[in-house]
Amino acid sequence: TMKTPQDIVAVLGGTSKTAALMGISPQAVSNWLTRGNVPLVHTAKIISVARDKGVKISYQDLLE
């Protein structure tokens with residue numbers, strides 16, 4: 001299971017790619033990495049984007 005922002009960003013293709021997929025700035029993604037968490041407002045989008053890439057991420061994966 002993916003739990004850390006680093007795991008999520010890695011599976012989505014890196015900071016710039018994750019930002020583009022999410023429709024946010026690369027700086028916002030860098031902030032996730034710095035803080036060590038992803039804002040709850042982005043969880044549904046992450047799950048959807050990951051699913052489109054064939055990766056299963058659950059809410060529990062993001063909240064632990």
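**Exercise 1. Overall size**

What radius of gyration would a compact globule with 64 residues have, and what does the protein have?

Solution. The structure is a predicted model, in which local features need pLDDT of at least 70 and side-chain atom pairs count only at pLDDT 80 or more, while totals for chains, interfaces and linings use all residues. Residues are numbered from 1 along each chain as its sequence is written, and side-chain values use heavy atoms, with hydrogens and water left out.

Step 1. The radius of gyration is taken over C-alpha atoms, and the globule rule is 2.2 Å times the number of residues to the power 0.38.
Step 2. For 64 residues, a compact globule would come near 11 Å.
Step 3. The protein has 10 Å, which agrees with that value.
Step 4. Along the principal axes, the C-alpha atoms fill a box of roughly 25 × 20 × 20 Å.

**Exercise 2. Secondary structure and surface**

State how many helices and strands the protein has, then describe its surface and charges.

Solution. 
Step 1. Helices (H or I, at least four residues) and strands (E, at least two) are DSSP runs, numbered from the N terminus. The protein has 5 helices and 0 strands, in the order α-α-α-α-α along the sequence.
Step 2. The accessible surface, from the Shrake-Rupley method with a 1.4 Å probe and, for residues, only the protein chains shown as cover, is about 3,700 Å². Carbon and sulfur atoms hold 53% of this surface.
Step 3. Lys and Arg count as positive and Asp and Glu as negative, without His and the chain ends; each charge is placed at NZ of Lys, CZ of Arg, CG of Asp or CD of Glu. There are 7 positive and 4 negative side chains, and the centres of the two sets are 7 Å apart.

**Exercise 3. Residues in loops**

Classify His-42, Gly-54 and Val-55 by accessibility and place each in the chain.

Solution. 
Step 1. His-42 sits in the loop between α3 (26-35) and α4 (43-52). His-42 is buried because its relative accessible area is 18%. Beyond its neighbours within four places in sequence, His-42 is in contact with Met-22, Ile-24 and Trp-32.
Step 2. Gly-54 belongs to the loop between α4 and α5 and is exposed because its relative accessible area is 67%.
Step 3. Val-55 is found in the loop between α4 and α5 (59-63), yet Val-55 counts as buried because its relative accessibility is 17%. Between Val-55 and Leu-33, 22 residues apart in sequence, the C-alpha distance is 20 Å.
Step 4. For the whole protein, buried residues make up 33% of the 64 residues.

Methods: Buried < 20%, exposed > 50% of the residue type's maximum accessible area, 1.4 Å probe, protein only. Contact = heavy atoms within 4.5 Å.
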